[in-house]
Amino acid sequence: MSEALSVPLLGEDLPAEEEQQHDDAALERLVVQKIDQRLLPLLFVTYMLNFMDKTILASAAVFGLIEDTHLHGQQYSWVGSIFYVGYLLWEYPTTLLIARLPVGKYLAVNNLFWGFVVALTAACTNYRGLMTVRFLLGAAEATITPGFMFITSTWYTRDEMPSRVGIWFAGNAVGGLVSSLFAYAVGHVHGQVHPWRWMYLILGTITFFWAIPMFLLLPDSISKAAFLSKDERHVAKKRVEVDGTGSTEKTRWQRDQFLECLVDPKSWLILSIQLLAQIPNSGTQYFANIVIRSFGFSSLQSTLINIPYSIVSASVIYGTGYLAGRYQTLNCVLIMTVIIPCVIGATAMYVREVIPPSLHLVAYFFLSTGPAAMPLIMALVQSNYRGVTKKMTITALLFVVYCLGNIIGPQLFQATEAPTYTTGFKAIVGCYTSAIILTQVLRRYLRFLNAERQKREYAGLNGTQSNEEQSGQTDQTDWGMPGFIYRF
């Protein structure tokens with residue numbers, strides 16, 4: 001009799017359980033929507049300003065900066081490289097501060113300093129002054145990307161990270177578009193104050209005052225997010241503990257996680273890919289307008305031509321970020337996909353003397369997909385590392401390598417080879433080709449790790465606790481988390 005009664009009793013409970021699950025899923029969707037609406041616009045606009053303030057140098061170069069500051073030889077290349085020296089030296093200290101200070105307030109204060117330095121560039125009259133402010137600008141911008149990576153990993157699950165990184169990183173390409181329109185408009189200014197100085201004054205002022213919405217609207221953590229209710233904050237925190245890469249609140253620096261990051265083979269594969277993808281980056285950024293002008297265009301026309309280039313970049317960044325988030329095994333494939341056109345374009349630029357002039361601009365546009373590699377690499381890092389210290393260590397190393405690559409890049413564009421820069425484009429071909437090979441190696445290695453882990457856990461050698469059961473131990477690394485599957 002008891003057995004007969006047990007069936008309807010269980011049957012009666014099922015609708016209640018299903019209704020609760022439905023309510024929980026609806027609440028989680030609402031929470032994610034509110035998080036997106038609050039965070040992504042702030043991150044996107046800040047990243048757009050980040051790109052504009054950093055790369056307006058290319059437009060300034062064809063609007064009088066080189067002549068007004070009396071640059072000659074490789075000095076313009078060093079003005080491009082010194083930015084990343086400042087970035088490099090402040091990168092690790094700021095990464096530690098991001099994890100220890102209220103991140104929203106820290107980024108807002110950083111905005112004030114950053115905007116001031118951009119505006120100060122307009123006062124430069126010589127090489128020494130430019131080198132100083134570019135160094136300080138690098139230090140100011142060193143906080144932005146690792147801060148945004150920290151925020152993304154704090155608020156989103158592993159599957160959500162690639163698309164969100166793609167959204168705010170697309171601010172880079174949109175910044176290039178807006179920068180081109182901005183430079184074209186300001187380029188028409190005539191007077192004693194040359195157009196390039198107005199570019200820096202206006203951008204610096206906008207960046208300085210952007211600190212106000214950052215301070216007021218960007219939360220420091222989930223627990224301090226006033227735009228979420230108490231229940232919504234609980235849901236937001238639980239999501240990243242179970243389906244993310246661990247909680248980032250109330251954690252401390254751990255030496256064992258630091259060392260684990262250094263001996264992890266995937267760290268060095270990712271860092272090598274990052275270096276090879278970034279060496280071409282600054283060279284093509286800072287010499288873009290000079291190269292375009294060599295195709296027979298005027299200074300004003302060279303700024304407009306970068307608009308469709310930026311549109312292509314933004315579309316590819318967003319599209320690949322979306323695909324990487326939706327399909328867990330496409331990240332490495334997408335990195336290789338966005339690099340291949342760059343190999344074709346750089347090869348054509350290297351042999352431009354033997355191809356029709358009508359194809360020169362087409363070859364240049366093939367380079368526009370290259371910037372999409374970096375957000376895919378960053379998403380790969382955020383999805384495949386657990387443990388606050390381990391994540392922040394690989395983040396710091398990622399940007400150390402980012403700086404080294406961008407310091408090297410402009411030096412490959414020799415003034416004596418202008419405007420064809422054959423050495424620079426030859427190096428780009430070699431770097432991107434090597435990056436494709438190493439990305440394939442990384443993909444195979446991550447697949448191997450997943451297969452080996454499944455074998456061990458199936459045999460009961462590594463425990464069988466799920467991520468949910470482990471959620472109380474929030475600061476575990478990917479090596480110590482049973483059931484952790486690497487994204488590749």
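Which helix is F208 found in? F208 is found in helix 8, where helices are DSSP runs of H or I with at least four residues, numbered from the N terminus. This is a predicted model, so local features need pLDDT of at least 70 and side-chain atom pairs count only at pLDDT 80 or more, while totals for chains, interfaces and linings use all residues. Residues are numbered from 1 along each chain as its sequence is written, and side-chain values use heavy atoms, with hydrogens and water left out.

Let's look at the rings. Aromatic pairs (Phe, Tyr or the six-membered ring of Trp, centres within 6.5 Å; planes under 30 degrees apart are stacked, over 60 edge-to-face, the rest tilted) come to 21 by this rule.

| Pair | Centre distance | Plane angle | Class |
|---|---|---|---|
| W168 and F169 | 6.3 Å | 55° | tilted |
| F484 and Y486 | 5.2 Å | 75° | edge-to-face |

Buried means under 20% relative accessible area, exposed over 50%, and partly exposed in between (1.4 Å probe, protein chains only). W168 is buried at 0%, and F169 is buried at 2%. F484 counts as buried with 1%, as does Y486 with 5%. F208, by contrast, is partly exposed, at 33%.

Elsewhere, one aromatic cluster is formed by F83, Y84, Y87, F399 and Y402.

Charges meet rings too. A charge sits over a ring if NZ of Lys or CZ of Arg is within 6 Å of the ring centre and within 35 degrees of the ring normal. The charged end of K105 is placed this way over F215, 5.3 Å from the ring centre, and that of K266 over Y385, 4.4 Å from the centre.

Notes. Helix = DSSP H or I, 4+ residues; strand = E, 2+ residues; numbered from the N terminus.
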